[in-house]
Amino acid sequence: MNILCADDERLALEALTGALGKALPAENIFAFRSGQEALALAEETPIDVAFLDIDMREMSGLELAARLKELRGETN
């Protein structure tokens, strides 16, 4: 499973990815502090689940979620 995490706050992103890594050690976890960087990965790699911060600087989490759904509708 490919899990995408996006949060522009470093500590929040580290906490989230740390918790996911403990709960799901065998899964691929990708962490980004930018919606644009996250989207670039998603264009090349299918994402199963995305954990997104709503309030990010360049691209909001809601905007990123919509773009992820456009790429691959099965992303949760």
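This is a predicted model: local features need pLDDT of at least 70, side-chain atom pairs count only at pLDDT 80 or more; totals for chains, interfaces and linings use all residues.
Q: What is the strand order of the open sheet, and how do the strands pair?
A: The open sheet has 3 strands in the order 2-1-3, and the pairing is parallel. Strand 1 (residues 2-6) is joined to strand 2 (residues 28-32) by 5 bridges, and 4 bridges join strand 1 to strand 3, which covers residues 49-52. Because two strands count as paired when at least two bridges are found between them, the 5 bridges to strand 2 and the 4 bridges to strand 3 both meet the requirement.

Q: What makes strand 2 and strand 3 the edge strands?
A: In the order 2-1-3, strand 2 and strand 3 each pair on one side only, and they are the edge strands for that reason. Neighbouring strands of this sheet are turned against each other by 15° on average, with direction ignored.

Q: Why is Asn 2 called buried?
A: Buried means under 20% relative accessible area, and Asn 2, at 14% relative accessibility, therefore counts as buried. Beyond its neighbours within four places in sequence, Asn 2 is in contact with Asn 28, Phe 30, Thr 45, Pro 46, Ile 47, Asp 48 and Val 49.

Q: How do you know that strand 1 is covered on both faces?
A: Asn 2, Leu 4 and Ala 6 lie on one side and Ile 3 and Cys 5 on the other, and all of them are buried; counted along the strand, this is 5 of its 5 residues. The chain crosses from strand 1 through helix 1 (residues 10-23) to strand 2, and this β-α-β crossover is right-handed.

Q: Why is Phe 51 called partly exposed rather than buried or exposed?
A: Phe 51, which belongs to strand 3, has 33% relative accessibility and therefore counts as partly exposed, because this class lies between the limit of 20% for buried and that of 50% for exposed. Leaving aside neighbours within four places in sequence, Phe 51 is in contact with Ile 3, Leu 4, Cys 5, Ala 6, Leu 16 and Leu 20. Although Ile 3 is 48 residues away along the chain, its C-alpha atom is separated from that of Phe 51 by 7.8 Å.

Q: Why are helix 2 and helix 3 called roughly parallel to each other?
A: The axes of helix 2 and helix 3 come within 10 Å and cross at roughly 10°, and since angles under 35 degrees count as roughly parallel, the two helices are therefore described in that way.

Q: Which residues of helix 2 and helix 3 meet, and how do they divide into nonpolar, polar and charged?
A: Gly 35, Ala 38, Leu 39, Ala 42 and Glu 43 in helix 2 meet Leu 64, Arg 67, Leu 68 and Leu 71 in helix 3. The residues of this contact divide into 6 nonpolar, 1 polar and 2 charged; Gly 35 is on the polar side of that division because Gly is counted among the polar residues, whereas Glu 43 and Arg 67 are charged because Glu and Arg are listed as such.

Conventions
Residues are numbered from 1 along each chain as its sequence is written. Side-chain values use heavy atoms; hydrogens and water are left out. Buried means under 20% relative accessible area, exposed over 50%, partly exposed in between (1.4 Å probe, protein chains only). Contact means heavy atoms within 4.5 Å. A crossover is right-handed if, with the strands pointing away from the viewer, the path from the first strand over the helix to the second runs clockwise. Axes are lines fitted to C-alpha atoms, for helices over the stretch in contact, and angles run from 0 to 180 degrees between N-to-C directions. Angles under 35 degrees count as roughly parallel, over 145 as roughly antiparallel, 65 to 115 as roughly perpendicular and the rest as oblique.
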